[in-house]
Amino acid sequence: MFDRYEAGERAVLVHINFTQEGEWEDLNEFEMLVSSAGVSSLQVVTGSRQSPHPKYYVGEGKAQEIAQTVQWSDADVVIFNHALSPAQERNLEKLCQCRVLDRTGLILDIFAQRARTHEGKLQVELAQLRHISTRLIRGWTHLERQKGGIGLRGPGETQLETDRRLLRERIKAILRRLEKVAKQREQGRRARSRAEIPTISLVGYTNAGKSTLFNRITAAGVYAADQLFATLDPTLRKIELADVGAAILADTVGFIRHLPHDLVAAFKATLQETQEADILLHVVDASDERFRENIQAVHEVLEEIDAHEVPALVVMNKIDNLEGQEPRIERDEEGVPRAVWVSAMEGKGIDLLFAALTERLASQMVQYQLCIPPQNQGRLRSTFFQMKCIQQEEFDQDGNLLINIRMQQVDWSRLEKREGAVLRDFIVT
């Protein structure tokens, strides 16, 4: 049912330059996507237009040129670096006499090849089913007539209607399974929230070096490669930060310009880790000429998944590919770290990254000296020990407990609410 590649399939690539800013795509990125899918590129057909043509997406002359290129090179598939409508795909297939795939179908196929976990496979299948449901008529036109035969003639369900019904049922079944997965993830997040463990989520453009950085920080051994979408299934690992304690680091799927909406919807449970993180580590390939456009593309996806308001620390990665760049921390006008320049591959600047992370997370910490009278000591001291926030304690000559504590602001607010105004009275000014 799905457009799936087999290794060694040969393709003609089509890339059109548009004068409209919103339609712009990157040819180098497109060639990397094709390579990541395991397809060999025979030839690239390029052209320029002001806007897409309704029938072929490209002009009729360019469509004829693509068809001739396919015939001459004996290609198996034509891949467009743009999103095509179902009608445009059908018209081009009829003209070229071979399969035609758009950018969305290509990305979906790469995701299908990379999915390893049960959840990842379900999410990819859901995205594929939603994408293909609008394209069912392609290749099935001979089945539009009703099923019939002796004893079965008359009004009934056409083959196409049957396929659509089966698709809808499969989508419902996958959504039910993904709902269970979402509940399991939510339970994990609630447990971490109760333990007050901060979550740090790695986000960034695909191939920015997130998994290499993740491995460098956690020694997790996550698959990392110089290719687009090397990571698909999210990985969580515990790390220790000075002055903050334990934290959870999450490696997530990379974003890309014009990420298919079906994929964003399907990966909602996975991307929830990003939405509910305490801080985002936005990894940027500093050696990429278009890194500013890539940062903008990531911001657009973050906005789409309602994670744009989560505090972020930018990690300018791959400084080993740049001349004269040394690891450093960039600060804003208030002296707060906003960016760290590192090389995850060579391990340069990782100590600075830890320092900046600690500073950003520790800014949410509070520190107090309390003087607690004997009648209140037992319960409060026990609570502070459980929270592991005691820095120093001693008793004065009247039996009062003098105790220095350091904890997250959110913990202190919760404790104040529970203990009432009495806790404020114990603070030594």
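**Figure 1. Burial and overall make-up of the predicted model.** Of the 429 residues of the protein, 48% count as buried. The model shown is predicted, and its chain forms 14 helices and 14 strands. Among contacts between residues at least 6 apart in sequence, 70% join residues at least 24 apart. The accessible surface of the protein comes to about 21,500 Å². Carbon and sulfur atoms account for 47% of that surface.

Figure 2. A polar atom of the Lys318 side chain lies 2.9 Å from the backbone oxygen of Asn207. Asn207 is also one of the residues that Lys318 touches, when residues up to four places away in sequence are not counted.

**Figure 3. Close-up of helix 10, residues 291-304.** This helix has 14 residues and reaches 20 Å from its first C-alpha to its last. That span is close to the 20 Å expected at 1.5 Å a residue. The buried residues of helix 10 are Phe291, Asn294, Ile295, Ala297, Val298, Val301 and Leu302. Seen down the axis of helix 10, these buried residues fall within an arc of 160°, and therefore they line one face of the helix. An α-helix has 3.6 residues a turn, so residues three or four places apart point the same way. Just after helix 10, Asp306 takes a positive phi of about 60°.

**Figure 4. Close-up of the cysteines Cys96 and Cys98, with a note on Cys389.** A disulfide is a covalent bond between the sulfur atoms of two cysteines. With a cut-off of 2.5 Å between cysteine sulfur atoms, the count comes to 0 disulfides. The cysteine sulfur closest to that of Cys98 belongs to Cys96, and the distance of 5.3 Å is too far for a bond. Cys98 is buried, with a relative accessible area of 14%. Cys389 is buried as well, with a relative accessible area of 3%.

Definitions and conventions
Residues are numbered from 1 along each chain as its sequence is written. This is a predicted model: local features need pLDDT of at least 70, side-chain atom pairs count only at pLDDT 80 or more; totals for chains, interfaces and linings use all residues. Side-chain values use heavy atoms; hydrogens and water are left out. A polar contact is a pair of N or O atoms within 3.5 Å; within protein, one must be able to donate a hydrogen and the other to accept it, and residues adjacent in sequence count only if both atoms are side-chain atoms. Contact means heavy atoms within 4.5 Å. Helices (H or I, at least four residues) and strands (E, at least two) are DSSP runs, numbered from the N terminus. The expected span of a helix is 1.5 Å times one less than its number of residues. Buried means under 20% relative accessible area, exposed over 50%, partly exposed in between (1.4 Å probe, protein chains only). The arc is that of the directions from the helix axis to the C-beta atoms. Accessible areas come from the Shrake-Rupley method with a 1.4 Å probe; for residues, only the protein chains shown count as cover.
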